[in-house]
Amino acid sequence: MMNYLRNMKKPFDVVFVSLLVLILISVVLFGCGRNEPEESVEETEQITENVTESVQEQTEQPEEPKLVCLGTYKLTAYCGCSKCCGKWGENRPVDEYGKTIVRTAGGYRAVEGVTVAADISVLPYGTKVIINDHEYTVQDRGGAINGNIIDIYFEFHQAALEFGVQYANVYVYEKIERKVETNDQM
Ligand SMILES: [Zn+2]
């Protein structure tokens, strides 16, 4: 009788255990099933966070400097020769490549496409000026370069002659002056 019960208990155990396993599996599956949408929601939240972050970065990073128009300037052209520079154009030194070294009044070595002369009381040395979408730097001055005149440096006299006299809007980068709120009156 006992043997019979033992024999009977074994298949019962097997059924019980397999039922437990099934319940466990279903619990695990059910649990996963419940968690899955939550995770994906979290993921999409993270993605949208990342997207908004990258959008914020994009809007913050390429902050293009604002340009301020100074109005229309008279543009003249010069080179380093004595016709253009008078006595300053005489006996200019030569570099190791045989190129004439044109030293500007501001102490810069003149470079075509970079150097311009301006009224340094308005546009000090080092000021970037944008003329016809090209950025030049004020590195020189001249007796006749006053007010709304900019003299553009060319390496060769012929190029300066060909430039002649032109008129164009001149732009400078907006100065970002951060006003510190302090109690000046005190
Ligand atoms: Zn010249």
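In strand β6, Tyr171 is the bridge partner of Ile130, and this pairing belongs to a closed barrel of 6 strands that runs β1-β5-β2-β4-β3-β6 with mixed pairing. The model is a predicted one, in which local features need pLDDT of at least 70 and side-chain atom pairs count only at pLDDT 80 or more, whereas totals for chains, interfaces and linings use all residues. Residues are numbered from 1 along each chain as its sequence is written.

**The barrel and its strands**
- Strands here are DSSP runs of E with at least two residues, numbered from the N terminus, and two of them pair if DSSP finds at least two bridges between them.
- Strand β3 (residues 128-131) runs antiparallel to strand β6 (residues 166-173), to which 3 bridges join it.
- Strand β3 is also joined to β4 by 4 bridges, again in an antiparallel arrangement, and here Ile130 stands opposite Glu135.
- A hairpin is formed by β3 and β4 with 2 residues between them, and Asn132 in the turn has a positive phi of about 50°.
- Strand β4 (residues 134-140) pairs in the parallel sense with strand β2 (residues 115-117) over 3 bridges, with Val138 of β4 as the bridge partner of Val116.

**Confidence**
- The protein averages a pLDDT (the predictor's confidence in each residue, from 0 to 100) of 79, and 61% of the residues score at least 70.
- Over residues 19-25 the pLDDT is below 50, and beyond near neighbours in sequence this stretch has 0 contacts in the model, a contact being two residues whose C-beta atoms, placed from the backbone, lie within 7 Å.
- Where pLDDT is low, the predicted coordinates should not be read in detail.
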